[in-house]
Amino acid sequence: MTTKPLTFPDKHVDEVVIFMQHRHWSVIFGRMARWIFFMALPIVVIVVLIASGRVASFTVDSAGGAALVLGASIFMLLMLLLAYQDWLDYYLDMLILSNERVIQIEQVGMFKRTVSQLSLDKVQDVTVETKGMLSSFFGFGTITIESAGEMENFIVHNVPHVEQMQSQILMYAKQAPRTGIERKPQPGTPSVPPSPTGRP
Amino acid sequence: MSIPLAVFLYVYLAIVLVLGVFTLLVLVQAMRFGTKSTSSYVMSFLCVGLMVLVLVFTFVSVRNVDWSSTMSIGVPGLSSSTGST
């Protein structure tokens, strides 16, 4: 079975993607558990009311019942939307390593997105930190990529398989040529010149 | 104070419309910036599907309601009559 090659927007023509990593699943697990709890509340209340005999059935024909059902429906729809948005916030946070650069994508809310790039030839050191019982057990932690010059360090939290990521980044950073080579973007994608700080 | 029940329905539909627009925006963001993986499609389908399910259950639940009736909302403690001492 062939797998689709990894790609992302603004990928260069001859750039090879090594990995595209989301945050560890435990980050989204806790958040989703909270939303599921809130969504289950109206259902539990209705079931309890029906079981206790205060409400005859699921269908209502009174004004008060209708208002309650509409209110509960709005509440559940809102919880579903917030859960979806929370999941998207988690899903769009990525750490990408290619043979040329490291890219950190951070989605903040629904309409704010920060993309930071660091050429591999600027990578000075990669440090990982695993703190806490869950992190140690599941093998996720914080990666800090120190860069040369005045660029800010990359700090990415809750990265799974941190030590493997560290090894891969260091390996490709060692292999990266230490000269600035101009790369052509893929056809059809707008070419964005790299900013001096590595941030857009 | 009596409020026509239909007002509740109109307010509900307006809120559902706003939530639908936001859901569409989130869906567009997911399709635009996501990696087009199976998990993104599954999650998007699941969330939107559950929202549609909630709407269907809601309309099934209130289909017998007489929307032309009114609902009285009383404020406890307020009275139109004045007392004399």
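**View 1. β3(A) and strand β4 (residues 112-119) of chain A run antiparallel and are joined by eight bridges.** This is a predicted model: local features need pLDDT of at least 70, side-chain atom pairs count only at pLDDT 80 or more, and totals for chains, interfaces and linings use all residues. Residues are numbered from 1 along each chain as its sequence is written, while chains are lettered from A and ligands numbered from 1 in the order in which they are written. Strands (E, at least two residues) and helices (H or I, at least four) are DSSP runs, numbered from the N terminus. Two strands pair if DSSP finds at least two bridges between them. A:Arg101 has A:Ser119 as its bridge partner in β4(A). A:Gln107 is partnered there by A:Arg113. Three residues lie between the strands in this hairpin, where A:Gly109 takes a positive phi near 70 degrees.

**View 2. Four strands of chain A form an open sheet.** The order is β1-β2-β3-β4, with antiparallel pairing. β1 (17-22) and β4 of chain A are the edge strands, each pairing on one side only. On average, neighbouring strands are turned by 10 degrees against each other, direction ignored. α4(A) packs on the sheet and touches β1, β2 and β3 of chain A; its direction makes about 150 degrees with that of β1(A). Axes are lines fitted to C-alpha atoms, for helices over the stretch in contact; angles run from 0 to 180 degrees between N-to-C directions. Four bridges link β2(A) and β3(A) in the antiparallel sense. A two-residue hairpin joins these strands. A:Leu95 stands opposite A:Gln104 in β3(A).

**View 3. β6(A) pairs with β5(A) and with β7(A).** Strand β5 (residues 123-129) of chain A runs antiparallel to β6(A), with six bridges between them. One bridge partner in β6(A) is A:Glu146, for A:Asp125. β6(A) and β7(A) are also antiparallel, over five bridges. Here A:Ile143 is partnered by A:Val156 in β7(A). Their hairpin has six residues between the strands, and A:Gly149 takes a positive phi near 75 degrees.

**View 4. The largest nonpolar core has 35 residues.** Such a core is a set of buried Ala, Val, Leu, Ile, Met, Phe, Trp, Tyr and Cys residues joined through C-beta atoms within 7 Å. A residue is buried if 20 or more other C-beta atoms, placed from the backbone, lie within 10 Å of its own, exposed if 12 or fewer, and partly exposed in between. A:Leu80, A:Tyr84 and A:Val102 have the most contacts inside this core. α2(A) gives the largest share, 10 residues. Domain 1 (17-24 + 94-175) and domain 2 (28-89) of chain A both contribute residues, so the core lies between them. Domain bounds come from an automatic or database domain assignment. A:Tyr84 touches B:Thr23, B:Val26 and B:Cys47, not counting residues up to four places away in sequence. Contact requires C-beta atoms, placed from the backbone, within 7 Å. A second, separate core of nine residues includes A:Ala66, A:Ala67, A:Val69 and B:Val62.

**View 5. α1(B) has 29 residues.** From first C-alpha to last, α1(B) reaches 42 Å, close to the 42 Å expected at 1.5 Å a residue. The expected span is 1.5 Å times one less than the number of residues. Buried in α1(B) are B:Leu5, B:Phe8, B:Tyr12, B:Val26 and B:Ala30. Their cover includes α2 of chain A together with β1 (2-4), α2 and β2 (70-72) of chain B.

Methods: Contact = placed C-beta atoms within 7 Å.
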